[in-house]
Amino acid sequence: MSSEAKILLPESELPRAWFNIIPRLPNPPAPPLDPKTGRPLDPEALRAIFPRSLIEQEMSPEPWIEIPEEIREVYRLWRPTPLRRAWRLEQALKTPARIYYKDESVSPPGSHKPNTAVAQAYYNKKEGIRRLATETGAGQWGSALSFACKLFGLDCTVYMVKVSFYQKPFRKSLMHIWGAEVFPSPTERTESGRRILAQNPESRGSLGIAISEAVEDAATHEDTNYALGSVLNHVLLHQTVIGLETKKQLELVDERPDVLIGCVGGGSNFGGFVFPFVGDILAGDLEAEVIAVEPTSCPTLTKGLYRYDYGDTAGLTPLLLMHTLGHTFEPPGIHAGGLRYHGDAPLVCQLVADGLVKARAYPQNPCFEAAVLFAQTEGIIPAPETSHAVRAAIDEALKCRETGEEKVIVFNFSGHGHFDLAAYDDFLEGKLEDYEYPEEKILEALEQLPRISAPKDDD
Ligand SMILES: *Cc1c(COP(=O)(O)O)cnc(C)c1O
């Protein structure tokens, strides 16, 4: 153990390949299903919205996938990111635990999201695409993709969840600076948007609705593809640079993690952070507790069902086997916009279903409380999403204070909250509500789940 406050890797240690967890899993992942037939999806069907290379990565059996030099070149703008020891937080908590956090907030857009945005922009450009369409919640994904598109010379159209469009104006400015066009979703530009607005002109939007709009935009324009910021296997694959670097950094200071923590919206920062460690756990080389943290207002992993469901509200996307609150679920407008999604990455859900990952939910006030303590000790202001991981790390460290255990707690610091200061103001003024989603609302949304239990055997 060393006394370093930040553990840095030289650029030469930037990973050369992404870590694919699929071939390491005890059971193969359930196939995505075609929304029209309910049968396993023909990958060719995805060609309308995704480039071939990303479709291949989605299904790849290869244990490692080489990172093209052009992508590593861009990663070098901010990677490798620091692993930091939270000395001052430990002291404030009077815990014998050692707390480390992987600081993904140092990227230009301020979160982990460009790790995949850059890769997706690169592969689309290489395959002759001119424009990418996408959705965004709090704006982190939209800003990350705008940044990546600008670097690779692509146009970018962002459908931004309406409640966030007005709550979080500054990430919209980032998107504009990086050259993207941004619309508050639901819009009048798409069939799906017009249908939602006809039903409810006051709709505050949701990620599910915005996804429907972006997918429709991509599917109806030849030169345009769609890019998703989370959930899909290839997105989690690109994010494994986080966990791969963290492993090397922990080795540098001779530490082994006892507890690994990440917040979960669609599961990409969590998956990218923990998968390389889960690989070791599956191989019998590591024993560690792995904890996924979500908000009680959108309790996908803790209250949802493990079932096939659509990724979007209109039911245009393939059906994925995942924990879901139902694709019609519209979560309340909490400040952790990036965690307001009805489903979760199938790969993360499978680990939860297999008992390899534990899920936990927190209301937003205890998370902001943890985030303020973190800011007052470590200095960095966490994004509201990240504050969920901070809360869980603090609770684990407080447990160690009770038991006297010197556990090594490592969490992913997915992003900073410099554009979420209005949420902090609300918290400091005692204006934030702790929202528990009412049980009957969850049941109502779950009633809408498509009636498909398992893929048909005869295919
Ligand atoms: C988007 C986002 C999340 C949630 O998305 P995941 O795909 O679950 O990682 C978490 N933290 C930050 C800072 C984000 O921008």
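**Figure 1. The largest cavity of the predicted model.** The largest cavity holds about 380 Å³ of space. Here a cavity is a set of points, on a 1 Å grid over the protein atoms alone, where a 1.4 Å probe fits but cannot get out; its volume is the space filled by probe spheres set on the points, with grid points joined across faces, edges and corners. The model is predicted, so that local features need pLDDT of at least 70 and side-chain atom pairs count only at pLDDT 80 or more, whereas totals for chains, interfaces and linings use all residues. Residues are numbered from 1 along each chain as its sequence is written, and side-chain values use heavy atoms, with hydrogens and water left out. By this rule there are 4 cavities of 30 Å³ or more.

**Figure 2. Lining of the largest cavity.** Lining residues, defined by an atom within 4 Å of a point, number 31 for this cavity, and Lys113, Leu207, Ser230, Gly266 and Gly338 lie nearest its centre. At least two lining residues come from each of β6 (131-136), α5 (140-152), α9 (207-219) and α11 (268-282); helices (H or I, at least four residues) and strands (E, at least two) are DSSP runs, numbered from the N terminus. The lining comprises 10 nonpolar, 18 polar and 3 charged residues. Ala, Val, Leu, Ile, Met, Phe, Trp, Tyr, Cys and Pro count as nonpolar, Asp, Glu, Lys and Arg as charged, and the others, Gly among them, as polar.

**Figure 3. The second largest cavity.** This cavity contains about 50 Å³ of space. Its lining includes Phe19, Gln57, Asn233, Phe275 and Leu347. Helix α10 (residues 233-252) contributes the most, with 4 residues. By class, 7 lining residues are nonpolar, 4 are polar and none is charged.

Figure 4. Four strands in the order β8-β7-β6-β9 form an open sheet with parallel pairing, where two strands pair if DSSP finds at least two bridges between them. Strands β8 (181-185) and β9 (224-226) are the edges, each pairing on one side only. From one strand to the next the twist averages 25°. Strand β7 (residues 155-161) is joined to β8 by 5 bridges, and Met160 stands opposite Pro184 in β8. Helix α5 packs on the sheet and touches β6 and β7, its direction making about 165° with that of β6. Contact means heavy atoms within 4.5 Å; axes are lines fitted to C-alpha atoms, for helices over the stretch in contact, and angles run from 0 to 180 degrees between N-to-C directions.

**Figure 5. Strands β10 and β11.** Strand β10 (residues 259-263) pairs with β11 in the parallel sense over 5 bridges. Val259 has Glu289 in β11 as its bridge partner. In β11 (residues 289-295), 6 of the 7 residues are buried, meaning under 20% relative accessible area (1.4 Å probe, protein chains only).

Definitions and conventions. On a 1 Å grid over the protein atoms alone, a cavity is a set of points where a 1.4 Å probe fits but cannot get out, and a pocket is an open set with protein on both sides within 12 Å along at least five of seven lines; lining residues have an atom within 4 Å of a point. Buried means under 20% relative accessible area, exposed over 50%, partly exposed in between (1.4 Å probe, protein chains only).
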